[in-house]
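Please read it alongside the sequence and the model.

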Amino acid sequence: MKNLDSLVAAYMAVWAIFFVYHFTIARRLSRLQDELARLKQSLKQ
Amino acid sequence: MATIAHAKNMQPSRSSAGEALATVGVALLLFASVYAAILVAPEERTMGLIQRIFYFHVPFGWSAFIAFFINFVASIAYLRSRAPKWDWLAVSSAEVGVPFVTVMLVTGPIWAHPVWGIWWTWDARLTSTFVLWVLYVCYLLLRTLIDEPERRAVVSAVFAIFAAFDIPLVYFSIWFFRTQHPQPVIGAGGSLDPRMLDVLLLAWSATLALLALLLVQRYRLEAMRWELDHLRLNLDRPGPEPQRFAAVGNKGGSA
């Protein structure tokens with residue numbers, strides 16, 4: 001089991017990078033959706 | 001999943017159930033490829049366990065090339081047509097490609113340290129890959145510096161076309177230069193155990209599915225941002241603008 005720690009580190013890095021990236025997309029989408037709803041409401045008024 | 005939920009609220013006509021299924025499918029494919037890479041693929045004789053990084057390092061690299069090639073094609077298409085949807089695709093593919101190259105740049109040194117005895121060396125393959133990462137990070141930064149949407153799209157499309165010249169340089173660097181990086185294991189005289197090849201192709205299909213999923217989500221984000229920009233314009237300008245927005249909104253939704 002030589003280098004198991006390196007292998008685990010590499011796989012953890014892969015998932016961490018994509019978890020963080022997916023989280024940023026979700027957060028940006030959430031903000032945009034809120035702002036879009038607010039602006040559409042303003043346009044109706 | 002949060003992304004899908006927001007997209008559902010935003011555009012109810014879109015098939016969010018299909019996208020949720022796609023997300024589950026991609027997750028299963030990724031799980032299967034990790035399982036195969038660790039437990040199914042035979043152990044490489046000289047490198048041992050650490051060689052299993054190869055099953056993600058290489059497919060993520062190939063998928064990054066595809067993402068940046070999409071960026072290149074979309075940038076050319078934008079300059080020819082000036083249709084915003086091509087700019088959305090260009091920025092989406094560049095942004096999604098960056099984490100794929102990041103994976104390549106992070107997993108490479110983790111593999112190199114026990115095998116080469118060093119984390120990094122400035123040889124042609126590693127340097128050109130690092131330059132590729134820098135170029136597309138600069139592309140994304142460049143877009144934040146220009147406020148006017150059309151000018152931003154044109155300038156970044158021109159930048160993207162020049163940045164794309166680094167893609168073949170990265171790919172062919174191990175043919176053109178003497179590098180520390182291993183030679184190709186598929187084609188060009190390389191030989192790979194068929195079981196290793198199967199696992200590699202499974203991992204590549206999983207990373208391609210992940211790329212497609214992220215690209216769809218990121219594209220939707222960009223379409224929504226564009227719609228928001230036009231809504232802001234309509235708020236600033238009184239008059240028959242709401243009708244203009246309606247046309248813009250339909251265009252954004254259908255692209």
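The score is pLDDT, the predictor's confidence in each residue on a scale from 0 to 100. Helices (H or I, at least four residues) and strands (E, at least two) are DSSP runs, numbered from the N terminus. Two stretches of chain B have a pLDDT below 50, as tabulated here with their contacts beyond near neighbours in sequence; two residues are in contact if their C-beta atoms, placed from the backbone, lie within 7 Å.

| Stretch of chain B | pLDDT | Contacts beyond near neighbours |
|---|---|---|
| Residues 1-13 | below 50 | 24 contacts |
| Residues 241-255 | below 50 | 16 contacts |

Chain B as a whole averages a pLDDT of 84, and 84% of its residues score at least 70. The model has an ipTM of 0.86 and a pTM of 0.84.

This is a predicted model, in which local features need pLDDT of at least 70 and side-chain atom pairs count only at pLDDT 80 or more, while totals for chains, interfaces and linings use all residues. Residues are numbered from 1 along each chain as its sequence is written, and chains are lettered from A and ligands numbered from 1 in the order in which they are written.

Helix α6 of chain B spans residues 149-163, 15 residues in total. From first to last C-alpha it reaches 20 Å, close to the 21 Å expected at 1.5 Å a residue, where the expected span is 1.5 Å times one less than the number of residues. Its buried residues (20 or more other C-beta atoms within 10 Å of the residue's own; exposed means 12 or fewer, partly exposed in between; C-beta atoms are placed from the backbone) are B:Ala153, B:Ser156, B:Ala157, B:Ala160 and B:Ala163. These residues lie on the same side of α6(B) because they cover an arc of only 125° around the axis, the arc being that of the directions from the helix axis to the C-beta atoms. They pack against α3, α4, α5 (124-145) and α7 (166-176) of chain B. The face of α6(B) turned away from the buried side carries the exposed residues B:Glu150, B:Arg151 and B:Phe162.

B:Arg82 is in the loop between α3 and α4 (84-116) of chain B. Although B:Arg82 is not a glycine, its phi is positive, at about 60°. B:Arg82 is partly exposed, with 13 other C-beta atoms within 10 Å.

Chain A contains one helix and zero strands. Its C-alpha atoms fill a box of roughly 65 × 5 × 5 Å along the principal axes. Of the 45 residues in chain A, 16% are buried.
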